[in-house]
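Here's a quick briefing to read alongside the coordinates. Have the viewer open and follow along.

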Amino acid sequence: MHLAWNFDLKNDELPTGYKMGPITLSPSEQKFIAALCNKIAMNSEQIPYGLSDEGVSFEAVDGRLRLAATGKGLTCATFVLSIFEVYGYVLLKRDEWPEDANLEWQSAILELLEKSGAPEKQLNAVRDDLGCRRYTPLEVVGAAGQSGWPIGFSEALRLAEQLEMELN
């Protein structure tokens, strides 16, 4: 399962050649995460893509999405972080990530949302979040495979670079 795009939650078979990173949860903890993912797939298909996930979370009981405000949403990376955080697993020391470090990427996302016909209210709110912190998928995957959560920015960058080399 992954958040492919704005209001586009995918819950498909893994494609051939897909690689998965390790995770440092016990088998029983992994089952809780998997059960939550099933609930999310059944109840939260309308997940907005947004640059800031502030105030966005999932309900542990039924997997429903809670949004703090219009324009808040998830990226593919914060989607995973949010799932783990339901059960108190904080993977990253989020306050260590720089702000305004990914303006080019964030502007490209805003442009794609505009081209895809996202509602104007959502677009305006996403514009207000330009410059917020960004967590990359490789940083999240790298952190998930470590013990001693939460992982700081420098360590997450190192792990992401290591994963990228392994993937290439």
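**Overall build**

With 168 residues, a compact globule would have a radius of gyration near 15 Å, and the protein chain agrees, at 16 Å (taken over C-alpha atoms; the globule rule is 2.2 Å times the number of residues to the power 0.38). This is a predicted model, so local features need pLDDT of at least 70 and side-chain atom pairs count only at pLDDT 80 or more, while totals for chains, interfaces and linings use all residues. Residues are numbered from 1 along each chain as its sequence is written, and side-chain values use heavy atoms, with hydrogens and water left out.

**Fold at a glance**

- The protein chain has six helices and four strands (DSSP runs numbered from the N terminus: H or I of at least four residues for helices, E of at least two for strands).
- Reading from the N terminus, the order is β-β-α-β-β-α-α-α-α-α.
- The C-alpha atoms fill a box of roughly 45 × 35 × 35 Å along the principal axes.
- Buried residues make up 38% of the 168 (buried is under 20% relative accessible area, exposed over 50%, partly exposed in between, with a 1.4 Å probe and protein chains only).
- Of the contacts with a separation of 6 or more, 67% link residues 24 or more positions apart (contact means heavy atoms within 4.5 Å).

**Helix α1**

- I33, L36, C37 and I40 are buried in α1. They sit on the same side of α1 because they cover an arc of only 105° around the axis (from the directions of the helix axis to the C-beta atoms).
- Those buried residues of α1 pack against β2 (8–10), β3 (57–58) and α2 (76–86).
- On the face turned away from the buried side, you'll find the exposed residues P27, K31 and M42.

**A buried arginine**

- R134 is in the loop between α4 (120–128) and α5 (137–144).
- R134 is buried yet has no salt bridge, and the nearest side chain of opposite charge, E139, is 7.2 Å away (a salt bridge needs a Lys or Arg side-chain nitrogen within 4 Å of an Asp or Glu carboxyl oxygen; Lys and Arg count as positive, Asp and Glu as negative, with His and the chain ends not counted).

- Most residues other than glycine have a negative phi, and most peptide bonds are trans.
- F7 has a positive phi of about 55°, and D100 has one of about 60°.
- A cis peptide bond joins W149 and P150, with omega about 0°.
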